Every structure is written in structure tokens, then in C-alpha cells.
Amino acid sequence: MISIKNLHASVDGKEILKGINLEVKAGEVHAIMGPNGSGKSTLSSVLAGRTDYEVTAGEVIFNGKDLLDMEAEDRAREGLFLAFQYPIEIPGVSNVNFLKTALNEIREYKGEEPIAAKDFLALLKEKQKLVELDGKLANRSVNEGFSGGEKKRNEIFQMAMLNPKLAILDETDSGLDIDALKIVANGVNTLKTKENAFIVITHYQRLLDYIVPDFVHILYNGKIVKSGTKELALELEAKGYDEIKKQFETIES
Amino acid sequence: MVEAKTNTAQILIDKISAKAAKVNYIKDETLTNALMYLETKGIPTNKHEDYKYCNLDAVIKKEFKNIEQKFSSISNINEYKLADAITLVVANGEFSEELSDKIILKGISLSKLSSLKSNSSVGTLADVNSDAFIALNTAFSSDGFYLKIEKGNALQIPIHILYISTADSEAFVNTRNVIELEENAEATIIEEQLVIGSSKIFTNYLSEKIVAQNAKLNCSTFQNEGDKGYSINTNQVNVQRYGHYNHTTVTLSGQVVRNNHNVVLLGENCEAHLNGLFSAKGTQLIDNHTLVDHQVPNCESNELYKGIANDKSTGVFNGKIFVRKDAQKTNAYQSSKNILLSDDATIDTKPQLEIYANDVKCSHGTSTGKIDEEALFYLNARGIGKESAKKMLLSSFAQEVINKIEVESLRDKVTQLFENNI
């Protein structure tokens, strides 16, 4: 699905990612955990195509194509989805119009016909139910006046609508209460198939009780310093990040 | 300030006076004052504070050297008609009975200015000693119209006034009208300004609008004059007790467009809402000046102006609110929001509040920035391409103003043209 090799990235001349290696296959769920400032959000931004970051070395192959060579919109059209940590409010653009445009541009890219209005509405209803998103929210402007939890649910709703091959969830659990967390996790679990994959970026182990990862990676100081199975997350939760920091700071220095 | 007077006014008068008809519906004294004003003050240059960003003297001198007043006739306006409105046509500045729909509704009277007497109320609102273009229009006005909605009549169908000009060579049009709503009358008016053909036309539009007690006037002005269109548009409006005046101006093109919107709130508990949207491209200059004069207590005014400037264009918003000493309990709000789409585009905004009463609520806000990069990225990250993402954001920015247009067919037309334009 995606193969990240020796990825280095900087922002304003400061190196944040210092050689990331990660291989995600179809049907897998990977969790990336790490303390604040370790580069988690930078990694998701670089993969999604945010231009504030400069990739200084490395390569990312997504379904056989050079991901880093593509514009953000083409990455999305190829099947990459980023659930934003801080979803943007866009006053005046209705959620429905936004999703219809997105869906149709993706279809056009694939050489498909625009979706019929009837089918679009049916899809909208089905996916809304999945994340228990109020129909009224779907008709409002994108994220405008949404609560933190509603914004995150709207991200998962969008994901459900666009049906990506690889979804990166960037701290989707932050700011969610336990009920909202369950809804989000249930959405992801329902959408999971053998053909798609998820990268779940999180600070806390809590989300991983509901979205069970196949692999857990610990990102620290711009590198994946440890990989393991879901037990690694539990270990991290028990010991905290301090031990990781201590262990790897000594190696670095 | 000492205003350097140029000879532009004199040259212009020489060119347009020969073919201008005698203005018999305005008192001789007023006509004399108008000419005197032009003689002493001339056409404003950028030395004039009100025309700082809009040097119309230079524009006329440079772009209108060869005014010949050879207008072409207009025979068919069907393509410009709106489905749900009565169409009135002003062709090359003159009201055209042939091209206009016949009005058979009761409670409306419509006259050509030339059919009025010198004691008409034409010219009672627009002061010839306040502005050179008011003076110029008054002295050389072409045969516009006087539209009156009589007492207690609420017009159910909008009136769409189409100002359409075309000429064989450079031309100057002084078009004029009065729209009067008597007590308890209601009307929705659309004014659309177009220049067709290949010659440059300068339009000096002047409208006096009277909103009597408890009357309600909803107006939309749609300006889409293209690169051949140059215009200054003055609206001089009086609103009486419990009167409502709503006006939305959308400017999608025009090489130079200057709008002077002056509203005087004369009776208690009246309201004025002024909205504006412009989208400037190329080297266009679009300059909106508003003046809301609160003379009496308990009135409300609201202004929302939005602008987009691309390429090397310039946009201006200058909004002045006067709150006179007696105008206690005034509510006056003003907001100007602008987006710059290029590094070479310019936006100048200047809110001016002059408040002489002590118990009022007034506020103004202005912002100018680039398109929201975060929002753009969000749309891109969902597979929406750069161009359509930009369009979506600009449309949503504009929609707040477009939605103020009362008439659906115009709203749809403006939305469509706006989206094609950006």
C-alpha cells in the first residue's frame, strides 16, 4: 500500500523528520505513537502534501506511484485520506456541496462519470448513520460552529464518503469524550476491509482499545525508534514516554 | 485643501453640450449653479480627498480624448431580460418607451424627464454644489425617467431597469432618474448597467431616490460594463420616518467604476442597509464610497462591503458615517472585507466615523488578506483541485453579499457570472 523509505523533512530549515521507514500493507492498521514534538503531525502533513514542509531526502511509494511527486489533490484522488487533527471551518461552503465536489473530482480523475444525485443522497444518508452525524450538520457549512467532537466525526464521515485506500488519522481522538471516541472507532472498524489500510496517529493508548492495531510504532525525535505489536502501546501507557526519551536521548548524544 | 483645477471640465463641456438637449425640468438657477461649480472646481483629480484613489480627471483626459457622441441604436434587449421582472430600458442615457415593457399596473407612474415641468422635484436631493459629477449631470442630463410608486402601493413584481449604452466612438453619457416611493409604498428595483460594442463609454449616472414615511425600497445594482465601461454612479437617497432602504451593489467588471452612495436618514426609526461586492481584474479600478448621514434619533444603518482584487487591479472602500448631534440612539455598523489574489493588486479601505451624539452604538471593522491557505489545503486534501477549491472559497466569500439580492433570477445570474468571472 505505502512504503516510506528514509524520509527526511524540514520546516523553515529545521529538520523534523530524520529518516522514517515504514511499510504498510493492505488490510493492516498501524498505530504511530510518540510524545509531543516527535514529528507525528509533520509525518501526516508531509504524506498529505502540505507545502510548508520541505522533503530533503527519502521516498514514498503509494500503490506503485511516487507520492511525493504528486499535488495534494492527486494524492487524495489516488486514495490517500488525512483526517485532520484540527479540521478547518469553511463558512459559506456547505458540507454537501463540498463532498459532492470532492467525490466527483475523484471520480473524474479515475475516468468515471459524476455520481447521480439520487445515489449521492443515498450514500450521504448511509454514511451519516455510520458516524451518527446529525443530518442538519451535513447541510451546514463545512465544520462551521461544530463542536470539537462534531468536527472529528465529520472527518470520519468524509472518510466514509470518499472511501480511501489509505486513511491517516491524525490525533482524531484528541478532544473526544468516550462516547464520541467509540463512535469514531466504530466508524473506522466498519470501514476496514482487506483492501484498505489505516495509520492511526495518537498520543494516548486509549483509542487503541477500540481500534486495535496490527503494529505499533514509536516515533521519537523524527525517527521510528521502536516497533512492535499492540502490547507495545500498553507498555508505553504503563511506563510513559519518559523512559523512551531517556533511552534514546542517551543513544543520540 | 487647495484643489488644482484643470481644464478637463471645459473640454468635456465643449464636446458634449452641442448634442445635449435643453434641461427644462430643473430650475434655471440650479443649472447656472451647476455650470458655475464646474467652472470654478473642475473635474476632481487625485488631489481631491474624495477622489484620492480615483483620478477621474486623468481618466477622462487619457481615455476620452475623442468624444464624438455618435451613439448606435439598440434594437433588441431580449437576452438581458429577467424572467420574473418588468423591464425598463434606458438606451444611451435616454429612457426608451419602445424597448421598455408597458406598465399596466396601478399605482405606478412613469414619466420621461422631458415631460416634467421646471417645478418637478428632480434635483432637490442631489446638490450641484457638492460634487462635479452631480453638477455635470444636472447641466447636461439626457432624457431619463421619473418613476413614482404611489401611496400605499406594494409592487408585487420587481422592476428591472436596464441601462445599456453603445456608440461608434468614444462617448459620454449623463443618465439620470428619480425613483420615488410615496408613503407606505413598497418596491423592488433592479438596475443593471451594460456597455456593448467596441467603443469606450463614460457613464455619469445620477439617481435621486426618495423613500417616504413607512415606505420600503429594495434595490440591487448590477454593474458588468466590461473593459469599455467607465462610470461614476451617484445615488442620493432620502429616507423618512419608518422608511426602509436596502441596496446591494455587485460590480463584476468595468475599467473604472466609482460608486457614490449617499443616504440621508431624515425621519426617526428608519433603516438603511447597504451591501456591496466587487471582483476586479486586469487593471480595473473599482471604488465604492458610501455616506450614511444620521440626522435624527433612533435610526439604524448597516453596511457590508466585500471585494476581491486580482492581477493589477485596485479596489477601494471608503465608508463614512455621520451621526449628528440630535441623532441619539443611533445604531450604525460597517464592515469591509477584502481578498487580494495577486501581489500586484491593491485594496484601500477607509472607514470614517464622525459622531456628534453621545448615546449611540457604532462600530466598523475592516480586513484585507489573501485567500485562506489552510482552507485551500483542506479542500485539496479531499481531492478538490486548486482551481475549483479557489472558486469554492471565493464563491462562499461572495455569497454572503449575493444572498442579499431579493430577486431570485438576478441572484442566480450574478452567482453564475461571478463564478465564470473568477
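User: Let's start in chain B. Is B:N298 buried, exposed or partly exposed, and what is its relative accessible area?
Analyst: B:N298 is partly exposed, with a relative accessible area of 33%. One thing to keep in mind: this is a predicted model.

User: Where is B:N298 found?
Analyst: In a loop of chain B, between β14 and β15 (300–309).

User: What about the phi of B:N298?
Analyst: The phi of B:N298 is positive, about 60 degrees, although the residue is not a glycine. B:N184 is also a non-glycine residue with a positive phi of about 60 degrees.

User: Where is the place of B:N184?
Analyst: B:N184 sits in the loop between β6 (171–181) and β7 of chain B. It counts as partly exposed, at 39% relative accessibility.

User: On to strands. How many residues of strand β16 of chain B are buried?
Analyst: 9 of the 10. The strand covers residues 314–323, and with that count it is largely enclosed by the rest of the structure.

User: Which strands are joined to β16(B)?
Analyst: Strand β14 of chain B, residues 285–294, is joined to β16(B) by 10 bridges. Strand β18 of chain B, residues 346–355, is joined to β16(B) by 10 bridges. The β14 pair runs parallel, and so does the β18 pair.

User: What holds paired strands together, in general?
Analyst: Strands of a sheet pair through backbone hydrogen bonds, either parallel or antiparallel.

User: Can we zoom in on one residue of β16? What is B:N318 in contact with, leaving aside its neighbours in sequence?
Analyst: B:N318 lies in strand β16 of chain B. Leaving aside neighbours within four places in sequence, it contacts B:N288, B:H289, B:T290, B:K350 and B:Q352.

User: Is B:N318 buried or exposed?
Analyst: Buried. Its relative accessible area is 10%, and the cut-off for buried is under 20%.

User: And how far is B:N318 from B:K102?
Analyst: Their C-alpha atoms are separated by 39 Å. Along the chain, the two are 216 residues apart.

User: New strand. How many residues of β5 in chain B are buried?
Analyst: 7 of the 7. That is strand β5, residues 159–165, so it is largely enclosed by the rest of the structure.

User: Which residues lie on each side of β5(B)?
Analyst: B:I159, B:I161, B:Y163 and B:S165 are on one side. B:H160, B:L162 and B:I164 are on the other. Both faces are covered, as these residues are all buried.

User: Why do the residues split into two sets like that?
Analyst: In a regular strand the side chains alternate between the two faces of the sheet.

User: Which strands does β5(B) pair with?
Analyst: Strand β1 of chain B, residues 86–91, joins β5(B) through 6 bridges and runs parallel. There, B:L88 has B:I161 as its bridge partner. Strand β7 of chain B, residues 186–195, pairs with β5(B) in the parallel sense over 7 bridges. In that pair, B:H160 stands opposite B:I190.

User: Now chain A. How many helices and strands does it have?
Analyst: Chain A has 9 helices and 12 strands. Of its 253 residues, 54% count as buried.

User: What does its radius of gyration say?
Analyst: Chain A has 18 Å. A compact globule of 253 residues would have a radius of gyration near 18 Å, so the two agree.

User: What is the strand order in the open sheet of 4 strands?
Analyst: The order is β2-β1-β4-β5 in chain A, with antiparallel pairing. β2 (14–24) and β5 (65–66) stand at the edges with a single partner strand each, so one side of each is left without a neighbour in the sheet. Strands β1 (residues 2–11) and β4 (residues 54–62) of chain A are joined by 7 bridges. A:I2 stands opposite A:F62 there.

User: Last one. What does A:F84 touch?
Analyst: A:F84 lies in the loop between β6 (80–83) and β7 (90–94) of chain A. Not counting residues up to four places away in sequence, it touches A:R50, A:K152, A:E155 and A:D170, along with B:F377, B:Y378, B:A381 and B:R382. A:F84 is buried, with a relative accessible area of 3%.

How values were computed: Residues are numbered from 1 along each chain as its sequence is written. Chains are lettered from A and ligands numbered from 1 in the order in which they are written. This is a predicted model: local features need pLDDT of at least 70, side-chain atom pairs count only at pLDDT 80 or more; totals for chains, interfaces and linings use all residues. Side-chain values use heavy atoms; hydrogens and water are left out. Buried means under 20% relative accessible area, exposed over 50%, partly exposed in between (1.4 Å probe, protein chains only). Helices (H or I, at least four residues) and strands (E, at least two) are DSSP runs, numbered from the N terminus. Two strands pair if DSSP finds at least two bridges between them. The radius of gyration is taken over C-alpha atoms; the globule rule is 2.2 Å times the number of residues to the power 0.38. Contact means heavy atoms within 4.5 Å.
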